Amino acid sequence: MPDCSATRHIRAVFLDRDGTLIRDPGYLHEPGKVELLPGVAATIRALRERGVLLFLHTNQSGPARGMFPMSDVIACNRRMEELIGLESPFDGVCIADEPPGTQGGYRKPSPRFIAETIAAHSLDKAGCVVVGDKRRDLESAVAAGVWAIRISADRDDPAAAEYAAAHSFPTISRFDELMGLVSPRSAK
Ligand SMILES: [Mg+2]
């Protein structure tokens, strides 16, 4: 029997995009510049093979700021999926395109996407985790009542580090370290 005492049984992972799955140069909009962070492709495939549900939740205010069209965001998502090597790695995708300060939308730290997904898939909150690099990712988890893991693979964000420590959320520096913290729980 493997020792799973330090892991949590996880059924669904809510994944941030920029700085979590791919490098974050800031307002990424060119598919040619999409670069997966180490360990992402193999870990995404391993989680899927074990029946874990994966949801992509990304704040993208660039289109609302008039910086680039939404089609660029979608093209970057496609390129990321191509690099992961799966046609549809996610069970759901939320591109929160509201500008900062918008109330009631999907932009993190809003827990709306997480809450709606939990309801739609009849998930147990204890089996859900958010993985992200920014404080607002972790805040969305707290607001939704689920666990979170901070990742510092691309950038070590001090505000996120402080928030994670205050909430006893673990930090990983490579995406594949996720497999040491979660023990996949397959469908009921
Ligand atoms: Mg991010």
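Helices (H or I, at least four residues) and strands (E, at least two) are simply DSSP runs, numbered from the N terminus. The model is a predicted one, so to speak of local features pLDDT has to be at least 70, side-chain atom pairs count only at pLDDT 80 or more, and totals for chains, interfaces and linings use all residues. Residue numbers start from 1 along each chain as its sequence is written.

In α5 itself (residues 158-166), Ala160, Tyr163 and Ala164 are the buried ones, buried being 20 or more other C-beta atoms within 10 Å of a residue's own, exposed 12 or fewer, and partly exposed in between. These three sit on the same side of α5, because they span an arc of only 100° around the axis, taken from the directions from the helix axis to the C-beta atoms. Pro158, Glu162, Ala165 and Ala166, on the other side, are exposed. Just past the end of α5, Ser168 has a positive phi of about 55°.

As for the sheet, six strands make up an open, parallel arrangement in the order β4-β3-β2-β5-β6-β7, where pairing takes at least two DSSP bridges between two strands. β4 (92-96) and β7 are the edge strands, each pairing on one side only. Parallel strands β2 (residues 12-15) and β3 (residues 53-59) are joined by four bridges, and Phe14 stands opposite Phe55 in β3.
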